[in-house]
Amino acid sequence: MLFLIIKRILLGFITLFIVSLITFVGTEVLPGDACTTYLEREAYGAALEACYKRLGLDIPAYERYLSWAYNVIQGDFGYSLSGQMPINEVLGPRIKNSMVLASAAIIIGIPLALILGIITALWRDKLPDLAISTITIFAMTIPEFISATLLILIVAIWLQWLPGIVIVPTDVTFFELLPNIILPVIAIAMIMTAHMARMVRSSVIQVMASDYIQMAILKGVPYWKMVFKHVLPNALLPAINVVALTIAWLLGGVVVTEVVFNYPGLGRLVIESISNRDLPTVQALAIILASIYVSINLIADLLTLALNPRLKSLQIRK
Amino acid sequence: MSDIIQKVKNLSIGFRSKKGEEILILRNISTNIKKGETVGIVGESGSGKSTLALAMMGYVKQGLYTIDGECLFESSNLLKKNNRELEKIRGRKIAMIPQNAGQSLTPNLKIGYQIDEALRLHTNLKNIDRDKRISELLKKVRLPSPETIALRYPHELSGGQQQRVAVAMALAGNPELLLLDEPTTGLDVTTQAHVLELLNFIAKDTGTSMVYVSHDLGAIAQVSDRIIVMYSGEIVLEGPSRSILKKPIHPYTYGLLKSIPKLSLAGLPDSMPGSQPQPGSILKGCSFFSRCNIGEDKCKNNSPELEYISDLKTSVRCFNYKSLKNKDDISSSISRNEAIINEKEILNLTNVSISYAKQKLIDQIFNKTVDTNPTVKDINININKGETIALVGESGSGKSTILKSIAGLLKTKDGKIRFEKDRDLSSNLKQRKPNDLRAIQLIFQNPDESLNPNHNVEEILSQPLKLYFGLSGKELNKNIIELLEKVRLGEFYMSRYPRQLSGGEKQRVAVARAFAAKPDIILCDEVTSALDVSVQAAVLNLLQKLKDDFGTTYIFVSHDLAVVRAISDRVAVLYQGRLCEIGPSKNVYQFPSHPYTEVLLGAVLEPDPDIKPKLVAEDIVEEKPPEQGCSFQGRCSRILGEKCKKETPPWQITKSGNAIKCHINVNDLEKLQS
Amino acid sequence: MDIDKISEEEQKNSLSKVLEVLKTMASKPSGFIGLFILVFHVVLASVSPFLAPYDYKAIDPTLMLQAPSSEYWFGTDSLGRDVFTRTIMGGRTALTITFFGSLIALLWGGLLGIFCGLVGGKIDDVVMRIVDAFLSIPWILAMLLIVSLLGTSTEVLIPALGFFYGKGIVRVARAATHDVIAKDFIVSARARGHSNMSIIWNEIIPNVRDAILVEGAMRWSWMLLGFSSLSFLGFGVSPPTPDWGLMISNARGLMSFAYWAVIAPVVGLSSLIIGINLTADAFAKALGIDRSTKAPV
């Protein structure tokens, strides 16, 4: 067991290492370096040299990578060109804000998806399934920027119930932030819930068709007891990994949603730093977002390991 | 009337096809199950036997629905009851033992919990009493150390153990009626015999009525008092076990019994033409008409009713049953041409060992062998041109592994495989010459998997012809038609896809593909196991015919000892990847000498109520061969002691001419066995 | 003569198979609606330049933000351009780019996936690890970076989208290949001594084709979603080319008093994505593949 956990964690680190290589090589290979890209037309003379010095671009690439990687491991992402301050200071409050947004969406999304998925599976092809499934197809396919725009149009402009655009400084307290995040959370949670509900549905349907469920029925197990004891544990276990992948993938949608609502999180920072051609910040963002992705998958892996009797007994025998 | 426990009345179950037609799976079934009796329901796949058993619990599979009739239990119709009411009957009054216990036990729940659940639902026992009862039940089904088994998960048990757990779970509610749906299918021969013996014991011990559903007349014969034969959704024959098996007065049952290979009988079984019609395809007349050889004109348009024959206490659905009443030749077979063994060696295996263990990189570099205990070890067999040699053994005996390495799919670890004395086949596929590849062809167990579903028959057969002989155009076409003729399929099969063929037809195409290469040796890997019995006999006869025509050598792997008896000239018995006994078929079957051969043959079930299996050894499942000594030491009832555990047994020749690998002196062995 | 007849028959077979699949797809209401919407959009995109009542880039400050009228059916936008004209033409770029992007994704993802599934072992491990690493960089960050450094031309967008959306196809193709190579008909072909190329071509591809095609159809709808997001953020097509994502983004700030400029492109884009999605769903069901268990990666 311990060996398996260590192996998974190591694999996660290898992935992150490759990601750092990709981003580093990527920004190297694409035309222009950090300084010429950032300074654009003013990229000559003293300004350029000063920039080179600051970023250490005058030393060979592999040395730069090593010292950059060394600093990143110690938690120092370098210096933001557009913000004119250490990247860590730029990132701090942004990460907090995005975390609030994403976790709110996940906290609402997962239980909702479970309930909807189970209902649609148990009432398969009946009215509740048809109704909910139709809604999930819409929620799943419509891009976040459209649903967010429509939410603003309807709830904020026509009904005037909630603020449409978030106009708060980056470092507000949690309670000041709260009314502002309701709409963005709905926008993110909608697509996330729809995806997960569909997966839960098909997983439950698959298990319901298995021999052991037929056996449970023939054994006289009451319906709801069978659902909770025999169906759900077996249906939800394989869904964990897929759900994790979905959540990680949908983090991309958070970027768009943050832009629509003008929300001061990591997503908007992505757009800002790319618009400002601030390559060091972009690199830092790539590593951070990739680590989030890797950790979500790691958590899912470990959760599956912990809950699956097959894997548990595997190591008891050894 | 009071001794009837379940009454099925005019039951019809069916489904609606895509076109909206009503298609019947069960057609007007009526029968009674009496208290304390065991009824066997036998039929081929698709005959509706499982649907009938499930209906007896008030359960109809999704997609199917009851069209007419009722299943009366305690004088109320189960098919009309709602789920709440059924929950009180299922598991308590009527319990089910499923076909594949491995898949029928919920994977995330411990064995103990699953039995406890049944106890909580269906008994009033208190917590402590339930724990005691779980142990009792597990002991009753003869599971070793019940306390630890209860704490295990289903996947941690062997197939036989899982099946026993399913039996224990069914017994938990003290049911009055037990339904068993193919409970021993998929188990090894010896395990199967043990489970059946257990079921017989339970029937006697508890007095429960049983309905035993199976395709295997051998198993049915061992347990049932009464037999119901089903064909195409109808009962065609019903009566006391003995009269059904000894005097099968329905042509289907008669043909079925003749098509089962029997251990006591050398030679090939008689085959039945055709295959069971698809549900819904028979609209009028007798459903067996197309395969019947005593049919008349009236059978074509009139369907016979079930008729009670009082002297045999049997009901039969046939106009012409009288013509079978006096026939007395079910125990006969087609004698097989003895192979013309011209003593010319075609294949030779010397000290072959095969290992699945992967070599580590370091060991590869230093050329070290790490695996001292390979899956298959010390195999020495020489095969003569034109003979049929069979490799038999239970799962894990290494028989398929040996076949794979002859085909070049697995590399041997040690030893030599030589073809026609001078051609070395120990290398893997890539190094073999095209002509050596052509000379050895494979036929697989399951034609569903061995034929590419995206190719039609023409494409399937043209592959070897193009590859080995470079044929194209008219020549290719001509050859394909010839091949189809050889396996008795018409030219029009060329454009068909595998999904449009029946199981038997698919296997014929697979046979044709193997013969397309004009091979010297054909490796047959359980080629009849996936087929229905009546189809199996036809395929066996076809293989024998082709062999007579072309002088091909067969290496035949099977777990079914009766099939091997029918087709093989020589038999090699394997246990845990080691040879136990080898010799001419008739000698091995008549005078089994090695203790394992004795166990194996003793466990075979015959469709004859007078032949009971002999259970000699325990059916323990071993996962790995022992590091040293005799491979069978763990289960041998005649074990001598330390010698068997430490030293590899020597080869000895018995009086009847078999070679056995055993420490016990052949003369002593003979005395012990007589 | 004989051979000609056979090949003719084969052609007929493959054509009739396509027709059969289409028929199965259209037999269910959701599949029919999906196909209908998709065909409608494709037809509209190809004929819209001839239908457009106005010039899509004609700016007229006097006509700013006109409400819908008989003259301007969907009103005008903040630059006085006709919203109806721009809406019916707004799908052209998105459809073309994502269609070819999906083809590229299908090609490289399918080939690499089959290769990995086939060789297995260490090479497979390494390749999948790298694919996984690419997967863990959010697609939007990578796309934005590429586009901002290389520009928003079609030659950049198509391969970039194709590359990033091919990763999921690699996984599907690999898994499908894995399943197939364990089957006895592959073992049989290997034992006969067919070359690897012949096995891939004759035995493997026909059996993994359906799974890969379904995955490709699904990718298409997601790629459209991704591409519109890029457009919306200002990193997709460049103005004044009409594009739904860009139109929504431009009209969004003024929607408190000119909602029509938002609604029209919203309906256009949503209906197309739903149309492709329903079609992909029906396609999967017609080929007997369950796609709802898969993550959108």
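This is a predicted model: local features need pLDDT of at least 70, side-chain atom pairs count only at pLDDT 80 or more; totals for chains, interfaces and linings use all residues.
In what order do the four strands of the open sheet in chain B that includes β1 stand? The order is β2-β1-β4-β5, and the strands pair in the antiparallel sense. Strands in a sheet are joined by backbone hydrogen bonds, in either a parallel or an antiparallel arrangement. Here, β1 of chain B, which covers residues 4–16, meets β2(B) in antiparallel fashion over nine bridges. One place to look at this pairing is B:V8, which has B:T31 of β2(B) opposite it.

Chain B holds another open sheet of four strands, in the order β14-β13-β16-β17, again with antiparallel pairing. Its edge strands are β14 (376–384) and β17 (423–424) of chain B; each has a single partner strand, so one side of each lacks a neighbour in the sheet. Strand β13 of chain B, residues 345–354, is joined to β14(B) by six bridges in the antiparallel sense. Within this pair of strands, B:L349 faces B:I381 of β14(B). A helix also belongs to the picture: α15 of chain B, residues 399–407, lies across β13, β14 and β16 (414–419) of that chain. The helix α15(B) runs at about 65° to β14(B).

B:K325 is part of helix α13, which spans residues 322–325 of chain B. B:K325 has 14 other C-beta atoms within 10 Å, and is therefore partly exposed. The C-alpha atom of B:K325 is 5.6 Å from that of B:I249, although the two residues are 76 apart along the chain. B:S145 sits in the loop that links α5 (127–140) to α6 (146–150) of chain B. B:S145 counts as exposed because 10 other C-beta atoms lie within 10 Å. Its backbone deserves a look as well: the phi of B:S145 is near 35°, which is positive in a residue other than glycine. Most residues other than glycine have a negative phi.

Chain A has a positive phi of this kind too. For A:N262, phi is near 60°, a positive value in a residue that is not glycine. A:N262 belongs to the loop between α10 (223–261) and α11 of chain A. A:N262 is classed as partly exposed because 14 C-beta neighbours lie inside 10 Å. After α11(A) comes A:R277, where phi is positive and near 55°.

Chain C brings in a pair of packed helices. Such a pair is described by the angle between the two axes and the distance between them. The axes of α9(C) and α11(C) come within 8 Å, with a crossing angle of roughly 165°. The two helices α9(C) and α11(C) are therefore roughly antiparallel to each other. Their crossing is left-handed. On the side of α9(C), the residues that make the contact include C:V214, C:M218, C:W220 and C:L225; on the side of α11(C), they include C:L269, C:I273, C:I276 and C:F283. The residues of this contact divide into 13 nonpolar, four polar and no charged.

The chains also touch one another. Between chains C and A, 40 residues of chain C are in contact with 45 residues of chain A. On the side of chain C, at least two residues come from each of α5 (121–136), α6 (139–150), α9 (196–232), α10 (244–252) and α11 (260–286). Which helix gives the largest share of the side of chain C that touches chain A? That helix is α6(C), with eight residues. The side of chain C that touches chain A is made up of 26 nonpolar, ten polar and four charged residues.

Key: Residues are numbered from 1 along each chain as its sequence is written. Chains are lettered from A and ligands numbered from 1 in the order in which they are written. Two strands pair if DSSP finds at least two bridges between them. Two residues are in contact if their C-beta atoms, placed from the backbone, lie within 7 Å. Ala, Val, Leu, Ile, Met, Phe, Trp, Tyr, Cys and Pro count as nonpolar, Asp, Glu, Lys and Arg as charged, and the others, Gly among them, as polar. Axes are lines fitted to C-alpha atoms, for helices over the stretch in contact, and angles run from 0 to 180 degrees between N-to-C directions. Angles under 35 degrees count as roughly parallel, over 145 as roughly antiparallel, 65 to 115 as roughly perpendicular and the rest as oblique. A crossing is left-handed if the near helix is turned anticlockwise from the far one by less than a right angle, and right-handed if clockwise. A residue is buried if 20 or more other C-beta atoms lie within 10 Å of its own, exposed if 12 or fewer, and partly exposed in between; C-beta atoms are placed from the backbone.
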